[in-house]
Amino acid sequence: MTIQLPQLPYAEDALAPYISAETVSFHYGKHHAGYVQKTNELIEGQPYADLPLEELIQYAHDNNLGLLFDHAAQIWNHTFFWNSLTVAEQPQSVPDSLRQLVDRDFGSVEALKAKLVRKGMTTFGSGWVWLILENNRLDVIKTQNAFTPLTNPNQTPLLCLDIWEHAYYLDVQNRRLEYLKNVTEHLLNWSFAAQNLENR
Ligand code: MN
């Protein structure tokens, strides 16, 4: 069995003007696809080659297979990232079920967005910012490199932002703040977050 690159949930130009088609083309078609290709090379002929992706990530995590973990987790993180965004022309409001928790734990949706931006701005090096549910409370956390809340049984990821430079450098070069504001103001898929909350 080989791991497949999931389809993008929208066209490559669907996130423009906030994230360009060129960025999506490289990010999805080269980076995301590259993690799939490398993972398949690493698992070929191995006893864990037939594990579904989420189990493979946990296996690599638990057995200190660092190179495999990094590539497999990056496949999952990127798929989750694409799903965390929505078509630029169809911005989504926050469903009531999620909004109640956001108001309780952050004060407001605007305060949550500000916290996502702040965590993104204080990430040193490459990583991810996540909206998660932990101990029945929402929180915003960051993870370095390929690390993912998926392997923490106490954390349910709801949304994520890619803080690797490849996510924004073609569009805004070093201006990470502009990328973070564009994404949090215009592209977050709140329905996806609410769905993850319901399915936990
Ligand atoms: Mn990326």
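You're looking at a predicted model, where local features need pLDDT of at least 70, side-chain atom pairs count only at pLDDT 80 or more, and totals for chains, interfaces and linings use all residues. Residues are numbered from 1 along each chain as its sequence is written, and side-chain values use heavy atoms, with hydrogens and water left out.

*Task.* Find the angle at which α4 and α5 pack, and the residues that make the contact.

*Solution.* 
- Locate the helices: α4 covers residues 96-106 and α5 covers residues 109-121. Helices (H or I, at least four residues) and strands (E, at least two) are DSSP runs, numbered from the N terminus.
- Now the geometry: the angle is about 70 degrees, and the axes are 8 Å apart. Axes are lines fitted to C-alpha atoms, for helices over the stretch in contact, with angles from 0 to 180 degrees between N-to-C directions.
- The crossing of this pair, α4 and α5, is left-handed, meaning that the near helix is turned anticlockwise from the far one by less than a right angle (clockwise would be right-handed).
- On the α4 side, Arg-99, Val-102, Asp-103 and Phe-106 make the contact; from α5 come Val-109, Ala-111, Leu-112 and Lys-115. Contact means heavy atoms within 4.5 Å.

**Exercise B: the partners of α3**

*Task.* Work out how α2 and α1 each cross α3.

*Solution.* 
- Take α2 (residues 53-62) and α3 (residues 66-84): their axes come within 9 Å and cross at roughly 150 degrees. This pair, α2 and α3, is therefore roughly antiparallel.
- The way α2 passes α3 is a left-handed crossing. Leu-53, Glu-54, Leu-56, Ile-57, Ala-60 and His-61 of α2 touch Leu-68, Phe-69, Ala-72, Ala-73, Ile-75 and Trp-76 of α3.
- Then try α1: its axis and that of α3 come within 9 Å, crossing at roughly 145 degrees. The crossing of α1 past α3 is left-handed too.
- Among the α1 residues meeting α3 are Val-24, His-27 and Tyr-28, and among those on the α3 side are His-78, Phe-81 and Trp-82.

**Exercise C: the metal site**

*Task.* Which residues coordinate the manganese ion, and how are they spaced in sequence?

*Solution.* 
- Pick out the donors: His-27 (NE2), His-78 (NE2), Asp-162 (OD) and His-166 (NE2), at 1.9 to 2.1 Å. Donors are N, O and S atoms within 2.8 Å of the metal (3.2 Å for Na, K and Ca), and since water is not among the atoms, sites may look incomplete.
- Written as a pattern, the spacing is H-x50-H-x83-D-x3-H.
- Look at His-27 and His-166: they link distant parts of the chain, 139 residues apart. His-27 sits in α1 (residues 21-43), and His-166 in the loop between β3 (155-162) and α6 (169-172).
- Both of these histidines, His-27 and His-166, are buried; that's under 20% relative accessible area, with exposed over 50% and partly exposed in between (1.4 Å probe, protein chains only).

**Exercise D: aromatic rings**

*Task.* Why is the ring pair of Phe-81 and Trp-82 called tilted?

*Solution.* 
- Start with the total: there are 12 aromatic pairs in the structure. For Phe-81 and Trp-82, the ring centres are 5.2 Å apart and the planes stand at 50 degrees, so the pair is tilted.
- Check the cut-offs: rings of Phe, Tyr and Trp (its six-membered ring) pair if their centres lie within 6.5 Å, and planes under 30 degrees apart are stacked, over 60 edge-to-face and the rest tilted.
- Both partners are hidden: Phe-81 is buried at 1% relative accessible area, and Trp-82 is buried at 2%.
- Zoom out, and ring pairs join Phe-81 and Trp-82 into a cluster with Tyr-28, Trp-76, Phe-80, Trp-128, Trp-130 and Phe-192.

**Exercise E: asparagines and a proline**

*Task.* Is Asn-64 buried or exposed, and where is its loop?

*Solution.* 
- Asn-64 is in the loop between α2 and α3, and with a relative accessible area of 69% it is exposed.
- Its phi is near 55 degrees, a positive value in a residue other than glycine.
- Asn-145 also has a positive phi, about 50 degrees. Asn-145 lies in the loop between β2 (137-144) and β3 and is partly exposed at 37%.
- Last stop: the peptide bond from Ala-16 to Pro-17 is cis, with omega near 5 degrees, and Pro-17 lies in the segment before α1.

How values were computed: Parallel < 35°, antiparallel > 145°, perpendicular 65-115°, else oblique.
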